[in-house]
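The exercises below concern one structure. Work through each task before reading its solution.

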Amino acid sequence: MLELIVFSLLNGLVYGLLLFMLSSGLTLIFSMMGVLNFAHASLYMLGAYLAYTISLKIGFWPGLIIAPLLVGVVGALIERYGLRNVHRYGHVAELIFTFGVAFLIEESVQLVWGRQNVDYREPEILSFPLFTLWGTDFPAYKAFMLAISVAIFIALLLVLTRSRVGLIIQAAITHPNQVAMLGHNVPLVFTGVFGVGSALAGLAGVIAGPALGTFPGMAAVLGSIVFVVIVVGGLGSLAGAFVASLLIGMLQTFAVAVDYSLEDLFAAVGITTSKTSALIDLYTVTVAQIGPILPYLLLVLILIFRPTGLLGKREV
Amino acid sequence: MTAAIELVDLRKSFGSTEIIRGVNLEVGEGERHAVIGPNGAGKSTLYNLITAKYVPTAGRIRLRGQDITARKPYEINRMGLSRSFQVTNIFPRMSVFENVRCGALWAMNYRYSFWQDVDRLDDVNERSLQILNDIGMVPRADVPAGVLSYAEQRALEIGITIAGGANVVLLDEPTAGMNRSETDQTVELVRRITENKTLIMVEHDMSVVFGLADRISVLVYGEIIASGPPDEIRGNPAVREAYLGAEAD
Amino acid sequence: MSAIAPTSPRTGGTFLRRNAIWWVALLFVLLLPQVARSGTSIAVLNQMCIMVIFSLSYNMLLGQGGMLSFGHAVYFGLGGYFTIHLMKMASGGFFMPLPLVPLAGGLAGLLFGLLFGSFSTNRAGTVFAMISLGIGEMIAASSLIFVKFSGGEEGITADRTDLTSLFGIRFRSEVDVYYLIAAWMVLSAWLMYRFSRTPVGRMANAVRDNPERAEFVGYSQKHVRLLSFMGAGFFAGIAGGLFAVNYEIVTEETVNLVSSGTVLLQSYIGGVGFFAGPIVGAIVYTLLQTLLSNYTEIWAFYVGLIFVATVMYAPTGLTGIIMMHLPIYRAGKLRSLALPYLRIGVPALCCTIGVIGLLELLHFLSVRAVGQSTKRLFWLTLNVEQPFAWIIFSVLAVGGFLVARRVAPSVLAAWEAASLHAFGGRAR
């Protein structure tokens, strides 16, 4: 039991921080520009694939730097030559546009790299078990992911609270209209934030690729979860995104480990369920099996009972 | 006799700043009442409180004796209060005729009907044409509202407001941004359409108010400092100092 | 953006005349199998008709109500599941003629629309879009978990010929099913059009344009949206039911996000600002899908490109482009546009050929067998290892794009001149 809790906590932390790397960029972009970037998870996937190709040519470590930069450039280009033109048609049109971009990125990944998984691996130097507890290994690569995520988190915190650009961004989040009047080059800031947010997504892809697999569906697996994170955390709230990332990270990893169903619960309190009932699935499905829908269930519950999200101020 | 609109010790704060500081006001049935005041006096806030866009911090609002404090906008509208907006607020992608018709549907009891053809609702269509005629926009009936000129959109805004036939009409600076002749036309229009109705209007332009209102209330720093017939207000020294004096600067 | 079904309150006439276009449409779809006889073309027509209903229902949300949904397949798929279960049960023997079973799908769509709409229609815009995505994911994931109901990845199958026969028709052939689907399509389209002309339908437009103002004429924006949402759910469910009848199988693929994305794609390409837009979109999309997939594996990429180009350069969709030319055509000024269109058409075509060439070569590189170095494209045999083909296509793509962009303003000016003339100098 203790083993399960410790490892679920660790894995939840790794996964949660990965989610935050994605949701922080998404939240920044949404807060400043009002744009929900549907293509965010696609950029995450693009990061993983680019890093894979780079790792084949010149190794894992250069890929760790180059791939996110390339994704950042792609993001900045999307903003500069796509989004900005669509902006005049309103937020819904922008959302539709990013949906189209997501579709295109996903198709192009398949066009270039094929429909199969690619064998993107962690570097030799990190493929050993860091420690072994109760007979279960904890891979060093996961510790590496954790370290990168924490480093990014701290860097983001420092940039936002200590630097000039960070102050402008913070101001733009709370008072988007006034910042423009202060004479800052808002379009440039937008392109920059979009680029940096994309690069963060790319970096998340680079480090997640070897651990979670690099395949054409990897954007779809995470894409909607990241949206759930930013709604549950509260739209436009970075702190909320952080809390929700960890919460959902934990929720999903713990759910996987719980192999009980309603039937077991009923049995424990002495109720037997009919095997022929049409609702039999409801009883026999284990928590581990419904793991994938838990975040969405959480989303629905949040919307009904706390429409502002956990830490948000804007009414959904 | 109950008043059409009654405000009892109405207060509204934004953060720690109290914008409306205890307003008491009664507007009788059939009265044309204007609320005037210098910029920043809280006119728009007061207006938005009465029309349920804002929720008051304290106090009550009654519409013909019924408490409407903190009711939803559509509920208040259904109880017979209709409002216009200071910033033009229309349905830009729909035709002028449809804009007015939307204003009439609920009041004429078609509500959430999804089985009747709007083009065959003769009473609604007649009413809408009548309103278009009143606001002088029959020739523009089929034009999308979004392409109208500013003055036309303002007139349409009033058309939507009165289309439901509400007995209590609130207008927010109906002549804002208009030139002299447009203003005169609008005043004439407002006079015509509020015949036998209760009108409350917030207005900055003094000439509009003195020509139109039966009674005037002067709002300064969130409080009503005087209320009475136009002549009395004109002669009131406190008003002159707070408002007219400031205006002369 | 202007022409959302022109309004004239002064229409009259008999039932027959008022609905003339619908009778023509009905006649047309009923005669269509006489022209397109082959099995494949009937199959394509069936799919097309189902997609027309689905897209029209989608446009009750996006075009009419201003609600961007990323999860509309929920109602399509659930409609399909409920219909296929009804078909399975009915083949056990109770009276249930096949033409009525899509109603089960419709009701399922309606009820789930009520359920999910009750907490997602408070606001439109981005927030609504996100909630719809969440619900879509939830239902798609559930359909893989609750295997008893959904059959998991294999799905649920049924045999439509087991149902009660009506006047001896057992719907064994595709053509029989076509008539059933086509009749439902015309009926659904007619009902959806009528809905858009009711007080609620008009207020859906009003709420889309300006929710605040709509509240101040007595309507709750939420209730108006919810009604549209339920209606959209109902007709999506009908479409799903027809899907079940047609394919006799319903799988997770009907309910998932790809399906939701497809309906957005085709509606938008067709043009969401017009009632007929989604119809055009569904027809074009189905044709693209069936024709392009014969020639290229990356057809979806091309559809994506068309979609993004539509969002960026022609947000009113194909129907919008047609409508832009209607007054010019009526004024007999279409010929004045021939030359300008030729001027932009040629470079645009070059650009398209270049882009297609590059994409196909790129794709070929990733899928080719070892040692294979030539690809047949445009009746040419190209060697991907030589730079020649790459250079040619790059030049065509970039050059075509640059020239097209250069002449675009003059073409636009020509169009403006023509349409100004068509409107007799009045502003559009």
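**Exercise 1.** In which helix of chain C is the place of Tyr75(C)? State whether Tyr75(C) is buried or exposed, and list its contacts.

Conventions come before the solution. This is a predicted model, in which local features need pLDDT of at least 70 and side-chain atom pairs count only at pLDDT 80 or more, while totals for chains, interfaces and linings use all residues. Residues are numbered from 1 along each chain as its sequence is written, and chains are lettered from A and ligands numbered from 1 in the order in which they are written.

*Solution.*
1. Tyr75(C) lies in helix 4 (residues 73–90) of chain C; helices are DSSP runs of H or I with at least four residues, numbered from the N terminus.
2. Tyr75(C) counts as buried because it has 36 C-beta neighbours inside 10 Å. The term buried requires 20 or more other C-beta atoms within 10 Å of the residue's own, exposed means 12 or fewer, partly exposed is in between, and C-beta atoms are placed from the backbone.
3. Leaving out residues up to four places away in sequence, Tyr75(C) touches Gly109(C), Phe112(C), Gly113(C), Gly233(C), Ala236(C) and Gly237(C). Contact means C-beta atoms, placed from the backbone, within 7 Å.
4. Phe54(C) is 21 residues from Tyr75(C) in sequence, and their C-alpha atoms are 9.6 Å apart.

**Exercise 2.** Describe helix 15 of chain C: its span, its buried residues and their packing partners.

*Solution.*
1. Helix 15 (residues 299–313) has 15 residues and reaches 21 Å from first to last C-alpha, close to the 21 Å expected. The expected span is 1.5 Å times one less than the number of residues.
2. Its buried residues are Ala300(C), Phe301(C), Val303(C), Gly304(C), Phe307(C), Val308(C), Thr310(C) and Val311(C).
3. Within chain C, these buried residues pack against helix 13 (257–270), helix 14 (277–295), helix 16 (317–330) and helix 17 (338–367).
4. In chain A, they pack against helix 3 (60–86) and helix 4 (91–113).

**Exercise 3.** How many residues of chain A are in contact with chain C, and which helix of chain A gives the most?

*Solution.*
1. The contact involves 40 residues of chain A and 38 residues of chain C.
2. Helix 4 of chain A gives the most to the side of chain A that touches chain C, with 16 residues.
3. That side of chain A divides into 30 nonpolar, 8 polar and 2 charged residues. Here Ala, Val, Leu, Ile, Met, Phe, Trp, Tyr, Cys and Pro count as nonpolar, Asp, Glu, Lys and Arg as charged, and the others, Gly among them, as polar.

Technical notes
Helix = DSSP H or I, 4+ residues; strand = E, 2+ residues; numbered from the N terminus. Contact = placed C-beta atoms within 7 Å.
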